[in-house]
Amino acid sequence: MNCSSFDHILVVLGPIHCDFNEQNLLVKPQESGGYRIAAILDFQDSSYGYRVVDVAVYMMYMMTTCSSHIHPIDVGKFCLESYLKKTPLSDSELSVLYDCVIARFMQSLVLGVHFYSLLKDPYLLVTQKPGWHAVKQLCTKPGDATLQYWLS
């Protein structure tokens, strides 16, 4: 699946990946430099839902991945800007985006610790330190102020 076909998968309510992150992407180098998405992997969490959830998952994982180099709020801004260049979100979707990002952080971080306690797989703790750092940064401003920054 290439980038242009991915843009059309996300509808207001429809099939969503629910685990869109850098670990589930295969990329291909471009002759002009940079990379493009060549394939998306790992559809075990896919479901029928709201596309804003996929956007929130994407933003959350990118904030976790990049938060040691770039402020997590800035990462969220970059992610949302790039998404909105291809696919608009409605005012309703935008109004819940911040809450969806925070909710996905909590789900990922709490379940990661829980399943680590059962399985002892260190992979389950990969996002803990950067994830909690990003959550603390996100909670320094009210959600509506953060959303307005992301949209500015």
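Read along the sequence, the predicted model runs α-β-β-β-β-α-α-α-α-α, which comes to six helices and four strands. Helices here are DSSP runs of H or I with at least four residues, strands are runs of E with at least two, and both are numbered from the N terminus. Residue numbers start from 1 along each chain as its sequence is written. As this is a predicted model, local features need pLDDT of at least 70 and side-chain atom pairs count only at pLDDT 80 or more, while totals for chains, interfaces and linings use all residues, and side-chain values rest on heavy atoms, with hydrogens and water left out.

Of the 152 residues, 39% count as buried; buried means under 20% relative accessible area, exposed over 50%, and partly exposed in between, using a 1.4 Å probe and protein chains only. As for contacts (heavy atoms within 4.5 Å), 69% of those between residues at least 6 apart in sequence join residues at least 24 apart.

Helix 6 (residues 143-151) has G143, T146, L147 and W150 as its buried residues. These cover an arc of only 100° around the axis, so they sit on the same side of helix 6; the arc is that of the directions from the helix axis to the C-beta atoms. Turned away from that buried side is a face with the exposed residues D144 and Q148. The cover over the buried residues includes helix 2 (51-66), helix 3, helix 4 (91-119) and helix 5 (128-138).

One of these partners, helix 3 (residues 72-86), packs against helix 6 at an angle of about 50°, with the axes 8 Å apart. That angle makes helix 3 oblique to helix 6. Axes are lines fitted to C-alpha atoms, for helices over the stretch in contact, and angles run from 0 to 180 degrees between N-to-C directions; under 35 degrees counts as roughly parallel, over 145 as roughly antiparallel, 65 to 115 as roughly perpendicular, and the rest as oblique. On the helix 3 side, I73, D74, G76, K77, L80, E81 and L84 take part, meeting T146, Y149, W150 and L151 of helix 6. By class, this contact has six nonpolar, two polar and three charged residues.

Elsewhere, K120 sits in the loop between helix 4 and helix 5. K120 has a positive phi of about 55° although it is not a glycine, and this residue is exposed, at 53% relative accessible area. Y116, in helix 4, is partly exposed at 27%. Neighbours within four places in sequence aside, Y116 is in contact with D121, P122, L124 and L125.

Methods
Ala, Val, Leu, Ile, Met, Phe, Trp, Tyr, Cys and Pro count as nonpolar, Asp, Glu, Lys and Arg as charged, and the others, Gly among them, as polar.
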